[in-house]
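Me: I have this one open on my screen and want a quick tour. Can you walk me through it?

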Amino acid sequence: QFSSVNKGVEIIAKARRILVLTGAGISVSCGIPDFRSKDGLYSKVRARFPELDDPTLMFDLAYFKKNPKVFYSFAREIWDVQGHEPSVSHMFISQLEARGQLLRNYTQNIDGIEAQAGISKCITCHGRFDTTTCQRCHDQTLSGERLQEFIHEGVVGTCAHCGGVLKPDLVFFGEPLPDDFDTHIDADCEQVDLVIVMGSSLKVKPVAGLCGRIPRHVPQILINREVVGYPHQFDLYLLGECDDITHYLLSRLGWLSEES
Ligand code: NAD
């Protein structure tokens, strides 16, 4: 494993336009469960709502319109208006940006921790929790704090004007990705000189297909507990806890003292 990480250090040190694709795994050490791991949201939803055939329905637009309760019962596990302390993995990405080596962070996460870690070149592919839209009158004026109260209590958020159901501006299954994804993705795929995928099962499309859009000569590194994305092949597999691996990378790159 160490010789592989050393190879990673070499590749990262040389790269100038790194695209980092992140998922829920990089926020697990911040206290936010991921979706598909043993203690992830998937198993919690299944235990609480055994009648639900598929726990991913929690993030399905058509299902939310019929039954928003499942989403509101679990949203507090992911989002806290007070924020969470960023993980070492978040700080690794912010170091790449500070050193001018980050082309873009495409995150599937909806916890908003990238902003707290100071990562500004970030596309939140699955939207945000801090704004919300009424499903009936389309009002968008509710503050994040008020939404947080509904989420904290685990009750369905309702519009102060018409009583309609509020939906945070997250991208549910059945909805298009935000405009800034389309604005940047083609040019980024042409410019990128290194891809790093961290903490994602690569099960959610279309973001999961991003690696397949990158020209084959561009090296790709996977940092994850397990191999994902098969049959897609990465050039380097760094398997383990992403914070341990990024901590080692930061240390070997000589960036640790400035980061911590
Ligand atoms: P996922 O749960 O499907 O996959 C997480 C991956 O990260 C798994 O392969 C797991 O083995 C790995 N992992 C978990 N902890 C790790 C660690 N400490 N070190 C290294 N690897 C680790 O997550 P996903 O691919 O992001 O898809 C989940 C979907 O659900 C996303 O679309 C996201 O919007 C949503 N979600 C978001 C959050 C969040 O914002 N933090 C949390 C749960 C779910």
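Me: How is the protein chain divided into domains?
Reply: This is a predicted model. The assignment gives domain 1 as 2–31 + 86–126 + 177–259, and domain 2 as 41–81 + 129–170.

Me: What separates the centres of domain 1 and domain 2?
Reply: 28 Å, taken over C-alpha atoms.

Me: And how many residues are in contact between domain 1 and domain 2?
Reply: 4 residues of domain 1 are in contact with 5 residues of domain 2. On the domain 1 side, the touching residues are 1 nonpolar, 2 polar and 1 charged.

Me: Which residues of E1 sit on which side?
Reply: Ile 18, Val 20 and Thr 22 are on one side, Leu 19 and Leu 21 on the other. Both faces are covered.

Me: Which strand do the 5 parallel bridges join E1 to?
Reply: There are two answers. E1 runs parallel to strand E2 (residues 102–107), joined by 5 bridges. E1 also pairs in the parallel sense with strand E6 (residues 194–198), again over 5 bridges.

Me: What stands opposite Val 20?
Reply: In E6, Ile 196. In E2, the bridge partner of Val 20 is Asn 105.

Me: Now the ligand. How many residues surround it?
Reply: 30 residues. The closest are Gly 23, Gly 25, Phe 35, Asn 109 and Ser 201.

Me: How does that shell divide into nonpolar, polar and charged?
Reply: 10 nonpolar, 13 polar and 7 charged.

Me: On to annotations. Which residues does the UniProt "binding site" cover?
Reply: Cys 134, Cys 137, Cys 159 and Cys 162, according to an unreviewed UniProt entry. They are spread over 29 residues of sequence, yet they cluster in space. The largest C-alpha distance is 8.6 Å.

Me: Where is Cys 134 found?
Reply: In strand E4, residues 127–134. Cys 134 counts as buried because 21 other C-beta atoms lie within 10 Å, and the cut-off for buried is 20 or more.

Me: What is Cys 134 in contact with, leaving aside neighbours within four places in sequence?
Reply: Asp 139, Cys 159, Cys 162, Gly 164 and Leu 166.

Me: And Cys 159, where does it lie?
Reply: In the loop between helix H7 (144–153) and strand E5 (166–170). Cys 159 has 19 C-beta neighbours inside 10 Å, so it counts as partly exposed.

Me: Which residues is Cys 159 in contact with?
Reply: Leaving aside neighbours within four places in sequence, they are Cys 134, Arg 136, Cys 137, Asp 139, Gly 164 and Leu 166.

Me: Where does UniProt place the "active site"?
Reply: At His 126, again from an unreviewed entry. His 126 is in the loop between strand E3 (122–124) and E4.

Me: Why does His 126 count as buried?
Reply: Because it has 20 C-beta neighbours inside 10 Å. His 126 touches Gln 108, Ile 110, Leu 170 and Val 171, not counting residues up to four places away in sequence.

Me: What does Phe 172 touch?
Reply: Phe 59, Asp 60, Leu 61 and Phe 64, with residues up to four places away in sequence not counted. Phe 172 is in the loop between E5 and helix H8 (179–191). It counts as partly exposed, with 19 C-beta neighbours inside 10 Å.

Me: Where are Pro 206 and Pro 231 found?
Reply: Both are in loops. Pro 206 is between E6 and helix H9 (210–213). Pro 231 is between strand E7 (220–224) and strand E8 (236–239).

Me: Which residue other than glycine has a positive phi?
Reply: Leu 202, with phi near 50 degrees. His 138 also has a positive phi, about 65 degrees.

Me: Is His 138 buried or exposed?
Reply: Exposed, with 10 other C-beta atoms within 10 Å. Leu 202 counts as buried, with 20 C-beta neighbours inside 10 Å.

Key
Residues are numbered from 1 along each chain as its sequence is written. This is a predicted model: local features need pLDDT of at least 70, side-chain atom pairs count only at pLDDT 80 or more; totals for chains, interfaces and linings use all residues. A residue is buried if 20 or more other C-beta atoms lie within 10 Å of its own, exposed if 12 or fewer, and partly exposed in between; C-beta atoms are placed from the backbone. Helices (H or I, at least four residues) and strands (E, at least two) are DSSP runs, numbered from the N terminus. Two strands pair if DSSP finds at least two bridges between them. Domain bounds come from an automatic or database domain assignment. Two residues are in contact if their C-beta atoms, placed from the backbone, lie within 7 Å. Ala, Val, Leu, Ile, Met, Phe, Trp, Tyr, Cys and Pro count as nonpolar, Asp, Glu, Lys and Arg as charged, and the others, Gly among them, as polar. A residue is near a molecule or strand if its C-beta atom, placed from the backbone, lies within 6 Å of it. UniProt positions are given in the numbering used here, feature names are shortened, and annotations may be inferred rather than shown by experiment.
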